[in-house]
Amino acid sequence: MSRKASTFSFTRTLAAKREDLARARKDVANLAAHSDAFKPAYAIANAIAGFAAAQGFDKYVCATPSVYSWSVGDELNLDVRFEGNVNSLKEGPVPAICECIMAYGLEAKDTYDYAEANCASRTFKFRGKVGGVDVNVRFEANINAGSDQCRKVQVGTEIKEVAKYEIVCA
């Protein structure tokens with residue numbers, strides 16, 4: 001049984017782009033309808049980002065609002081992200097930023113480390129509700145390569161057996 005191949009069509013491409021644009025306009029209208037609810041969350045996000053920037057955490061700073069509509073109502077979220085480089089995770093900017101975030105009522109939720117041959121970092125996650133908005137703050141502390149206070153240490157090696165394949169035709 002043969003299948004008919006899908007054909008390319010500029011008309012289909014334009015229709016898909018128009019659908020994307022309509023979705024984007026709907027998202028913008030939905031965000032605009034909730035702008036008053038986001039104001040207190042943005043005030044806290046700006047205060048946290050400003051404090052973090054003063055501590056040298058001014059890389060990849062962003063705040064992304066979203067509205068998810070459910071049958072029981074709308075869910076409002078504000079995700080805040082930033083990162084910076086440090087020599088220590090125990091003193092200096094990292095504990096100060098953590099204390100600043102918690103001072104705004106957000107709770108520490110999780111940390112996880114990333115250590116590979118070329119870099120090492122720890123990610124910190126905080127979450128809380130500001131008015132009707134769920135605020136999620138995530139920041140990454142990249143360990144400076146020449147740091148004498150924190151460093152990555154090789155803790156072992158791993159050998160993996162990987163299957164290899166090739167094509168053989170009769």
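My entries below go from the sheet to the helices and then to the histidine.

I note that this is a predicted model, in which local features need pLDDT of at least 70 and side-chain atom pairs count only at pLDDT 80 or more, while totals for chains, interfaces and linings use all residues. Residues are numbered from 1 along each chain as its sequence is written, and side-chain values use heavy atoms, without hydrogens and water.

**Sheet.** I looked up the strand order and found an open sheet of five strands, β1-β2-β5-β4-β3, with mixed pairing (strands are DSSP runs of E, at least two residues, and helices runs of H or I, at least four, numbered from the N terminus; two strands pair if DSSP finds at least two bridges between them). Because β1 (59–70) and β3 (107–116) each have a single partner strand, one side of each edge strand is left without a neighbour in the sheet. From one strand to the next, the twist averages 15° (axes are lines fitted to C-alpha atoms, for helices over the stretch in contact, with angles from 0 to 180 degrees between N-to-C directions).

**Helices.** I then saw that α1 packs on the sheet, where α1 touches β1 and β2 (73–86) and makes about 90° with the direction of β1 (contact means heavy atoms within 4.5 Å). Helix α3 (residues 93–103) lies across β2, β3, β4 and β5, and runs at about 175° to β5.

**Histidine 34.** I located histidine 34 in the loop between α1 (10–33) and α2 (35–54). Leaving aside neighbours within four places in sequence, histidine 34 is in contact with Val67, Asp74 and Leu76.
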